[in-house]
Every structure is written in C-alpha cells, then in structure tokens.
Amino acid sequence: MAQAKLKSKPTRTLLAKTPTGIQGLDELTGGGLPQGRVSLVCGKAGCGKSLLAMEFLVHGAIRYGEPGVCMNFEETEEKLTANVASLGFDLRDLTRRKKLFLDYVFIERSQITEAGEYNLDGLFVRLAHAVKAINAKRVVLDSVQALFAGVADTSILRSELQRLFRWLDDHNLTAIVTAEAGIETLTRHGLEEYIADCVIALDHRVTEQISTRRLRIVKYRGTSHGTDEFPFLIDEDGFSVVPITSLVLTHKARKDRISTGIPTLDEMMEGKGFFRGSSVLVTGTAGTGKSSLAANFTRAACARGELCLYFTFEESPSQILRNMRSVGLNLEQWVKKGLLHFNAMRPTSTGLEGHLAVIHRLISQVRPSVVVIDPVTNLISTSGSYDVKSMLVRLVDFLKVQQVTSIFTNLTFAGDPQERTAAAVSSLMDTWIVLRDSKPNGRPRRELYILKSRGMAHSREVRELIVSKSGLDLGSVLSDHTVATHVAGQ
Amino acid sequence: MSGRGGRATELADSGRKPGNGMKKTAAKKRSAGTSRSDFFILRLYIAGQTPNSMSAIANLKKICEERLQGKYRIEVVDLLVKPQLAKGDQIIAIPTLVRRLPPPVKKIIGNLSKTDSVIVGLDLQPVR
C-alpha cells in the first residue's frame, strides 16, 4: 500500500480517486472510483449492483464524511432501508443526520401520455435539490434502466442521460450509475458508450449448482487495473472483493522455524522443522496418516501455547478428536483451554468464495499461528480446478501476509500420479510432504518423504511413518526406496 | 421527502397565497350547476421560462377555454422555485401536466402542442 501511494503521488492531481470503502475494490482500482466522474456498474438482475452502489454511499457518509444522494428508480425508500438493514446500515438515521438523501423515482408509463416536446428537467431539478439539501459529494442512480421503460422516446432519453452525466461531471460529483446487462452488450441500452471513465461489470454465475460472483473492471481511464475477473462476496458484512493475488508479493519471509511436532521429521528439515509462515502440503492416499500428521502439528503448537485453527471439510470435530485419541493425540484438552479451534463445514454448503470468506473472517478473529485445512481435496470437488487454484492462491497469500503457518492435506487416489492431482496447489506450497502406502514382503506400512521444501536443505530419504497409540514417529531410512526411483516409477 | 400529508399542505398553502412559484392563471368561479366531478384541477409543472414551458401554458389555456370553460383551474408550478414539489407527483419530464381532478390522476408530458393527444390524455369531451 505504501508503495502504491508513493507511486501515484505525482499523478494525483491528474486523477483523484474517491474511495468506495468496499474491501478489495479500492485495492483493485488503486484508490477507488474516479473523483468527480460517473462510473457505470452493470450486470444482470441480482448480481449486487445496488448493494455496491449503496455501500459506496454509506461508507462515503460514515467513513469519508461525504454525504450522498441515492436516486432509486426501482425500490421505495422504505424497501431500500429494509434491504440493507441486515448489513447493519441504518439509512433512516443517515437520512436524519443529512448524510444521505434517498429519492424514489417512480414512473408509471400507463398514466402518461406524450403530447409534444419535453425534456427531463424534472429529474435534474430533483437531483439538484437533493444534492443541495445535504451538500452531497456522491450520487447513485439505481438503475437508469427503469427510465427506458418509462419514457417512450428513447432518443430524448439518450440525449438527456448524456446531459445528466455531464451535469454530474460539471458539479464534481462522484457518481455510480447502475444498468442492467444486455445480451451481447454490457448494458441493455449501450450506456457504456456514454461513460468514458470507469465501467465495472458484475456477474453472478452458477456452475454445478454452486454460485460465484465475479467483478471485472472493464475500463478505467488513466489507471492501470487488472482486467481479470475477481470473485466477490456478499455476506452479512456486505460486499467485498477478493483480489486473486495482491498486486505485489510483499509478505516478509520469516527465517524462524516451527516444529512439525515429530522430532524425527524436524531432523529431516535441518533439525528445525518448517519455516514459520510457510505453507505445507501433505498429500497421500486414503489412510496414510495425513490428518494425523496435521493434528500432531497442532498438538505441538498448542503445547507451546500457540493458537490453532483447524478447518475440517470431511469429519466433525468430535470425530477428529476421537480418532486422534486412538493414535495417542489428546486434542480435547487444547480445545477446552481455548487454544485449538475447530471449524467444520460441508464443502457443498457454499461456493468457494463463501468458504474463503469464512476462513478469512475466522483467521482475522482468532489470529492463530497455525492453520490446518483438512482436506483441501474436498474443496476442489466443489468447483473447477481453475477456481480452486485462484482461491488457494488468495488463501495462501492471505495466510502468508498474516504470517500463519498452514498445513493443507490433499487426498490422492491410488494409481493417480500425485503430481497431477496436486498440480493445482503444489506450486503455491513451500513444503510438500508425500505419504504413501507400500507393502514390501506383504507387510503394509506407511512411508513419508519430503518432495520439496523451499529455502532449506531437506532430506530426500524415504522414511517409515509409524502411527501408534503413543503418537507419530518416523522409522529408519528405507534404503530400498529412494525418491528418485519412486518418481521414475510413476 | 414529504409524504402525502406534506403535499396536501402545499396545496392548501397555494390556495391561500398565490404566486411564490405557484400562480393561478385561470380560475373562474364554478357555475352553480356544475357538479364536483366535472371540475378539472390541472397542475402544470415547468422549470423556468423555457420555450417549451411557455408554449405548454399557452396551449393548455387555449384547450381549456375551448372545452372546459368555467370548469377548470390551472396551477402552474415552477420547479426552479419549488423543487421539493417534484417528488409528490413524481415529476421527471418537463413540462408535465397532471390532472389532479377528476380522478384518476393522469399525466401528460410535453409542450401540449399535440392537441389531440392532450384531449385524449385528459379524457375531454369533443366540442359540441
């Protein structure tokens, strides 16, 4: 952020920005919407246009001391107030304090006969009156679509809208105009042609019964911006955009270490374990001890008095506690002491973005030093692999910025080359531990090796993972298997 | 932001003191025989003395004199003077003529140069 500010300083007078106050959006746009200009927000019904616009006004009024006018063409003041009350916005109070002016514009075409020339001065008068009444700096027109239904002569309407946008510019008002998406155009009536400075498109897609919302900055004059689609969330905290990656990789790489919870495994990593704040991937087929390894890591962290957050997508917390007791891990005591927090979610309970939102919020609340995502495979099943990848990039990024050490477990299937299954996630990970089954001489055993571990001289040996009632440990080096032959054999 | 109550006050006010943005141009006394439902209360919204507004006033007077003699009242509201009145009748287009009485409320937008449309819009009887 500091860097971005420095960079934009010389051009500041050229292109001032007005913050929206929406988490993520201001980051994406390098500070907000173009100040004193009209921005267009378009998308299909129910995509979140109105909410974005309303948050722009509410945050402006509360956080930035900029009163705002909302000219609404679709909903009455009462309805609008009720709609956003669930987000904790008290429009009535803001209206009373002259920080907000709501004007519901209702057009009933059936009542209207046209008889001669006219213009839309009535709209101008109303807007000017509202702006003057509260000394507004921000304006929302939501949505101008309705005017097209109400005014028969679209050529008059078009020229009047252009005049309206110019009027907003001339009065140095930062405005959001919303419009419905067309079939092949951004907006149904091609309004994007009139708005030169900033166009944002919202989208709400349902893929395999799970919905994702996306935001795209179509154009933003004078500002470099990502043209990618950015997922966004609408939850009880309102509208937030989650940038796929932050613009710069600025998180500090820590040099201090954190024990894996197994002294013999620490030995394989220079005797010290993982780097703090790094991301660890544990892959393996069913029953190879992935969860046990992760749970053991949290046990060790709790024993040191560190906070742990365990996200489970497969088993309930009590099931995990019971299972871990059977391998000598008493996690219950740490839950009782408030050091270990579980969060169980069904992968299909919400879209990926929903999961990401929950994970973000809990991490921000609990502020753990260790996070377990068990297993990340179940999240992958809810969506296409691209979505998972982008979500994981964001999650890993977030964890690193928060300096949280994280373990992701990933189930691989027998016969699957694990390099492929884990391809989506492995490149993001600092350390990759592989677990596998093997049956030499008919005796089944679990094997462990470190496929990679960035920034350290780690062992390349294959060791037996011993899971017993007294916990986890590693056996001696298995000389008959080396990583090299294993990979070649795939 | 005033609701219906606020509007009613404005009307009563304007009845007492004309001018101040609201002026009555042609208010003839109702003849004894005219029933309440025949009486037209027409409100014309304008925004400043623009050519369209001026011709709307002239056109309206002419039509009323020809067809509603003695049975109408015209109120002209200049929204540049009283912008808060735009909301009550949901005014967007200028000029807008609102037939407040008899019910139902009807709106005609434009400079009223299309006499036929005005007559249809106001539900007026053809001249005998």
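Reply: Of the 490 residues in chain A, 46% are buried (20 or more other C-beta atoms within 10 Å of a residue's own, with C-beta atoms placed from the backbone; 12 or fewer is exposed, in between is partly exposed). This is a predicted model: local features need pLDDT of at least 70, side-chain atom pairs count only at pLDDT 80 or more, and totals for chains, interfaces and linings use all residues. Residues are numbered from 1 along each chain as its sequence is written, while chains are lettered from A and ligands numbered from 1 in the order in which they are written.

Chain A has 18 helices and 23 strands (DSSP runs numbered from the N terminus: H or I of at least four residues, E of at least two).

Now the contact (C-beta atoms, placed from the backbone, within 7 Å). Chain B gives 30 residues and chain A gives 21. On the chain B side, strand S5 (106-109) and helix H3 (115-122) are the elements that supply two or more residues. That side holds 17 nonpolar, nine polar and four charged residues (Ala, Val, Leu, Ile, Met, Phe, Trp, Tyr, Cys and Pro are nonpolar; Asp, Glu, Lys and Arg are charged; the others, Gly among them, are polar).

Start with S5(B). Strand S6 of chain A, residues 112-114, runs parallel to S5(B), joined by three bridges (strands pair if DSSP finds at least two bridges between them). Here Glu114(A) faces Ile109(B).

S5(B) also pairs with S4(B), antiparallel, over four bridges. Val98(B) is opposite Lys107(B) in that pairing.

Next, H3(B). Val118(B), Gly121(B) and Leu122(B) are its buried residues. They lie on the same side of H3(B), because they cover an arc of only 85 degrees around the axis (taken from the directions from the helix axis to the C-beta atoms). An α-helix has 3.6 residues a turn, so residues three or four places apart point the same way. The cover over the buried residues of H3(B) comes from both chains: it includes S6 of chain A, plus helix H2 (51-67), strand S4 (96-101) and S5 of chain B. Just after H3(B), Asp123(B) has a positive phi of about 60 degrees.

Note on methods
Two residues are in contact if their C-beta atoms, placed from the backbone, lie within 7 Å.
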